[in-house]
Protein chains: 2
Amino acid sequence: MKLEITCTRAEANHKQLHNCMETLDNMEESFQKMTKLLSIAGSDVRLKILYLLNLENELCPCDLADILKMSVPAISQHIRKIKDAGIISSRRDGQTLYYSLNRDETEIFNSIFESIELIRKTA
Amino acid sequence: MKLEITCTRAEANHKQLHNCMETLDNMEESFQKMTKLLSIAGSDVRLKILYLLNLENELCPCDLADILKMSVPAISQHIRKIKDAGIISSRRDGQTLYYSLNRDETEIFNSIFESIELIRKTA
DNA sequence: AATATATTTAAGCATTTGCTTAAATACGTA
DNA sequence: TACGTATTTAAGCAAATGCTTAAATATATT
């Protein structure tokens, strides 16, 4: 839509603005990946699922439904989102599917988990 | 809704599940705060706004609209969300409002910004 | 006071999200 | 093969999200 400059302020530093635009252009792919991860983690239920998988190493949808006091289909649909983003993998044992974090892909979550626990301590 | 145990698997470790529930209960407030921060950051536009404020220290809505090639009201509404979450503050200079990060409140964003730049380097 | 700029706010609307319920699929066991 | 359990998938729907346009507010300038 808007491709022209809207700021007419004397103070507006057009060179600065242009540099910002260029910086973002070069990082577009990185932003998309990070936005994807954060939008996954930015839900109460999904953040708890991720935290629990970090804590327990692996859990099945049924366990998660019990712990989070939610229906199994609701959990399953959250899991699908998380899995589609490449954050978790599954292992089958009989009828049960165990999900676990792909720890290589998701180092940022370690900082997030630490930060959650810091909030707890300082609150 | 569901308060009963749904897992009837022999392997289900009910003590483990109960411990998880208790852990989450004790961290409820921390999860809510972190979910709020991540849901704010989990939007392409808002993550870029935060990144730019980190980079440039302060910017006005008009600058952000130019850099992100979006309308001023759209930017303003994102800013309101970020501000309501306590992540940024404003300073007025004449007609212009300059927004900046409340750096004490948002240490997790430093990890996120670093992680974005790591994606860029390793991709 | 009148006008212009910067910003916010509100209304409207299309899209997305996240549940529910019901049905389908996968596996194990009698 | 028939039945039970674990899980996924699909349809439906209410609520949330994020833009657009238009109007309101705040400040500066003439």
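**Briefing: chains A and B with DNA strand C**

Asn57(B) sits in the loop that links helix 3 to helix 4 in chain B. The model is a predicted one.

- Asn57(B) is not a glycine, yet its phi is positive, at about 75°.
- Asn57(B) counts as exposed because it has 10 C-beta neighbours inside 10 Å, and a residue is classed as exposed at 12 or fewer.
- In chain A, Asn57(A) lies in the loop between helix 3 (44-56) and helix 4 (61-68).
- Asn57(A), also not a glycine, has a positive phi of about 75°.
- Asn57(A) has 10 C-beta neighbours inside 10 Å and therefore counts as exposed.

**Contact between chains A and B**
- The contact involves 49 residues of chain B and 49 residues of chain A.
- On the side of chain B that touches chain A, at least two residues each come from helix 1 (14-26), helix 2 (28-41), helix 3 (44-56), helix 4 and helix 6 (107-122) of chain B.
- Helix 2 of chain B contributes the most to this side, with 9 residues.
- By residue class, the side of chain B that touches chain A holds 26 nonpolar, 11 polar and 12 charged residues.

**Nonpolar core**
- In soluble globular proteins, nonpolar side chains tend to be buried together.
- Here the largest nonpolar core contains 58 residues.
- The residues with the most contacts inside this core are Ala41(A), Leu52(A) and Leu64(A), along with Ala41(B), Leu52(B) and Leu64(B).
- Neighbours within four places in sequence aside, Leu52(A) is in contact with Leu59(A), Leu64(A) and Ile67(A), and also with Cys20(B).

**Surface near DNA strand C**
- There are 25 residues around DNA strand C, and those that come nearest are Ser71(A), Cys60(B), Cys62(B), Pro73(B) and Ser76(B).
- In chain A, helix 5 (72-84) supplies at least two residues of the surface near DNA strand C.
- In chain B, helix 4 (61-68), helix 5 (72-84) and strand 2 (96-101) each supply at least two residues of that surface.
- Helix 5 of chain B provides the largest share of the surface near DNA strand C, with 6 residues.
- The residues of this surface comprise 12 nonpolar, 11 polar and 2 charged.

How values were computed
Residues numbered from 1 in each chain as written. Chains lettered and ligands numbered in written order. Predicted model: local features only at pLDDT ≥ 70, side-chain atom pairs only at ≥ 80, totals over all residues. Near = placed C-beta within 6 Å. Helix = DSSP H or I, 4+ residues; strand = E, 2+ residues; numbered from the N terminus. Nonpolar A, V, L, I, M, F, W, Y, C, P; charged D, E, K, R; others polar. Core = buried A, V, L, I, M, F, W, Y, C linked by C-beta atoms within 7 Å. Buried ≥ 20, exposed ≤ 12 C-beta atoms within 10 Å, placed from the backbone. Contact = placed C-beta atoms within 7 Å.
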